Amino acid sequence: MHIYYKMGIVGEKLDIDFVISTGDNFYEDGLKGVDDPAFYQSFVDMYTAPSLQKTWYTVLGNHDYRGDVGAQLSPILKQKDSRWLCMRSFILDGEIVEFFFVDTTPFVEEYFTDPGEHTYDWEGVLPRLAYLSELLKDVDLALAQSKAKWKMVVGHHTINSAGHHGNTEELKQLLVPILEANDVDAYINGHDHCLQHIIDNNSGIHFITSGGGSKAWSGDVKPWKLEELKLYYDGQGFMSMQITKSKADIIFYDAFGKVLHTWSISKDRNVAAWI
């Protein structure tokens, strides 16, 4: 059975409120336009389970930037399927939790200086440094003003990862200080095609990779401190998060819906422990 079928079963069991997609929504080169059939093939006609008929909050990945970015951001797609919500950077207010979605692709200098055979759609991003400066200022201000019990940041690219792509140095340099200064609980990303859970020893931030929804890179793992690396799974899968005022329960599943790893973050005693 396909992974999206199992996602539907888990979604029904947990009675989910919404779905978050960590980017690279359409392979290999994004959408060609608003009428690209890939929107139906890779989204509308794929995630058909009743439990997945909720809003999908979506960020852009580097593969999406290789196509028509404006198509994914267009309200026309929401007319085709009301679940679809994709913006460059935005905030999802869940009352006790706020999710801060950050457009990470423009941070990666290599896409600009050495794109190789790929062509990127930078309309709306250039000049790059001004775009990044404004984005970082907005993220910092939004996090500082947030009154939410939990603060989660979502971006496509890894920050800390033992996977194929490894760490994204531009994000470590520019974004991590903002996350640390504003007591962010977790950073959730895709990009590396694996499932991964790292807890930074210094900051206590949970770095969560959920990039196994399509491809998976078997055996492609780098050394990492074992006291920080709580999970590394190199197969397909997905994750769920249930959040209350006092705790956030994270569960990772393989493609067959089998539980791989669970973790509970407590707000009451500021501890994290196995379930």
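**Reading the model**

Analyst: According to the UniProt record, an unreviewed entry, the annotation "domain: Calcineurin-like phosphoesterase" covers residues 12–194. In this predicted model, the end C-alpha atoms of that span lie 24 Å apart, and the span is 30% helix and 16% strand.

User: What is the mean pLDDT of the protein?

Analyst: The mean pLDDT is 95, and 97% of the residues reach 70 or more. Over residues 269–275, however, the pLDDT is below 50, although this stretch has 16 contacts in the model beyond near neighbours in sequence. Where pLDDT is low, predicted coordinates should not be read in detail.

User: Which strand pairs with β5 in the antiparallel sense, and which runs parallel to β5?

Analyst: Strand β4 (residues 90–93) is the antiparallel partner, over 4 bridges; E98 of β5 is the bridge partner of D93. The two strands form a hairpin with 3 residues between them, and E95 in the turn has a positive phi of about 70 degrees. The parallel partner is β6 (residues 150–155), joined to β5 by 6 bridges, with V102 opposite G155.

User: Which residues does the "binding site" annotation cover?

Analyst: The unreviewed UniProt entry lists D24, Y27 and H193. They are spread over 170 residues of sequence, yet they cluster in space, with a largest C-alpha distance of 13.1 Å.

User: Is D24 buried or exposed?

Analyst: D24 counts as buried because its relative accessible area is 9%, under the 20% cut-off. Y27, at 30% relative accessibility, counts as partly exposed. D24 is found in the loop between β1 (19–21) and α2 (38–44), and Y27 is placed in the loop between β1 and α2. Their side chains make a polar contact at 3.4 Å. Beyond four places in sequence, Y27 touches H63 and H193, whereas the residues touched by D24 include H63, D64 and H156.

User: Where does N160 lie, and which side chain makes a polar contact with its side chain?

Analyst: N160 lies in the loop between β6 and α7 (169–174), and its side chain makes a polar contact with that of K172 (2.6 Å). N160 counts as buried because its relative accessibility is 5%. Among the residues it touches beyond four places in sequence are D200, F207 and W224.

Note on methods. Residues are numbered from 1 along each chain as its sequence is written. This is a predicted model: local features need pLDDT of at least 70, side-chain atom pairs count only at pLDDT 80 or more; totals for chains, interfaces and linings use all residues. Side-chain values use heavy atoms; hydrogens and water are left out. Two strands pair if DSSP finds at least two bridges between them. UniProt positions are given in the numbering used here, feature names are shortened, and annotations may be inferred rather than shown by experiment. Buried means under 20% relative accessible area, exposed over 50%, partly exposed in between (1.4 Å probe, protein chains only). A polar contact is a pair of N or O atoms within 3.5 Å; within protein, one must be able to donate a hydrogen and the other to accept it, and residues adjacent in sequence count only if both atoms are side-chain atoms. Contact means heavy atoms within 4.5 Å. pLDDT is the predictor's confidence in each residue, from 0 to 100.
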